Amino acid sequence: MNKKRLVTLLYFICHVTLVGYAQHFKAGAALRNITPNPLLPVSGGIGTPKKTVEKNGDLFVRALVIQKGDTKVAIVNVDNLGWPAALGNKSRALIKGIKPENVLIGATHTHSGPDAYGFPNEKGESFADMKYLDDCVKKIADAVNEASGKLEDASLKIAVGEAKGKIAYNYYADQLYDPRCGIIQAIASSGANKGKAIATLVNYAIHPEVIGSGRGILSPDLCGPLYDRIEAKGGGVALFMNGAQGGMVTADNRRENREEANNWEECKRIGELLADEALRIVDGAALQENPSLFCASRQIEFPVDSEIMRFILKNSPIKNKMSGENRVATQLNLLNIGTAQILTVPGEALPNIGYYVKRKMNTKQPFLFGLTNDAFGYMLAKVDFNSFKRYEYVSRTSLGEMTGEIYMEQALKLIAESPRPD
Ligand SMILES: [Zn+2]
């Protein structure tokens, strides 16, 4: 062996040892309350936000930061209908030590939170409270920075299983929904908190619209009781990431005689049941010590064919950035965390798209983070777009016929180009 090769070999051994030493998987979590005081009108979709007179529960931003070696990732959920990249990118710019493309920001899709889209009316006027949104932007960054500063050695418990009981159904066709619930629980593996949960992330497809926007109430809807239950049961900071809940996977608040329960009690029943199911499913999972972490991101582009969506994107005071004439770009992420693989969805994918993409993922534990990094409305397969009369509304509030197709193509490409999880 010549001298140069020996030096290279020694360097390699030292490098591997040092990197290996510093490469224990770490996790940290933090949250911020974003309940507006005084209360603000709430938005459940296009149109003028509705006045509120009371609140049920509080709105939060919740952040989980994970790191292994020099890969550092933040997963954030916001109690809101949708969280456009124009806002998310402002937080990304305030976050220290994590690459903007490694920050995933998802909305829970509560229909009882302030308007974050800046929906314009026919005259182009919007009633979004920019000061409130700016405050949320800062709190998202604060929560991530705090979680980042609290990183500690962690192991993971990961499971995907069927959540049983009366939680969700498809309003358009009862059975056409995905009952799988994915859970990632980070557990401190050394130090004073050893054995205690740092955070529990729940991934499930549902519309948190038990209360809705028309009752004068500001609320996290069923997500609030879900967080509370998980935290009360020792799950650490609870996070909720929605799934492929479009057209129209919603909370099963059905009563007899075609009536619905639309109150906070029902939010508690469903949120607590989902929390209990999540904890039951993850309970028996094997502990993953020092799991791997991988994060990829791509910019993907969609044409904006819908006149309504063009109008909203152009006239909103949050100043959405267009990537060309009637085109939008967004961040698509793929994460491998231990044995799980996660893909983001920049909107409300219909459940058939969710099933298809999950089936193509290289894991037995597929997670889909819906309404993450952007929320461009419904995403249908082209054969579904404007097909059934039932799909008129979801087609109208979609970017266009090809949105779902482009998403599936890009998602499959990213899966093929990424390594398999553990
Ligand atoms: Zn929706």
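What spacing do the donors of the zinc ion follow along the chain? They follow H-x97-H-x140-E-x29-Y, in a model that is predicted, with local features needing pLDDT of at least 70, side-chain atom pairs counting only at pLDDT 80 or more, and totals for chains, interfaces and linings using all residues. Residues are numbered from 1 along each chain as its sequence is written, and side-chain values use heavy atoms, with hydrogens and water left out.

The protein donors are H109 (NE2), H207 (NE2), E348 (OE) and Y378 (OH), which lie 2.0 to 2.6 Å from the zinc ion; donors are N, O and S atoms within 2.8 Å of the metal (3.2 Å for Na, K and Ca). Because E348 belongs to strand β17 (residues 348-349) and Y378 to strand β19 (residues 378-379), this pair ties together parts that are 30 residues apart in sequence; strands are DSSP runs of E with at least two residues, and helices are runs of H or I with at least four.

Elsewhere, helix α2 (residues 85-94) and helix α3 (residues 130-149) have axes that come within 8 Å and cross at roughly 45 degrees, the axes being lines fitted to C-alpha atoms over the stretch in contact, with angles from 0 to 180 degrees between N-to-C directions. Their contact (heavy atoms within 4.5 Å) is made by L87, K90, S91 and L94 of α2 together with L133, D134, V137, K138, I140, A141 and N145 of α3.

Helix α4 (residues 223-232) packs against helix α5 (residues 264-283) at an angle of about 45 degrees, with the axes 7 Å apart, and P225, L226, R229 and I230 are the residues that α4 brings to this contact.
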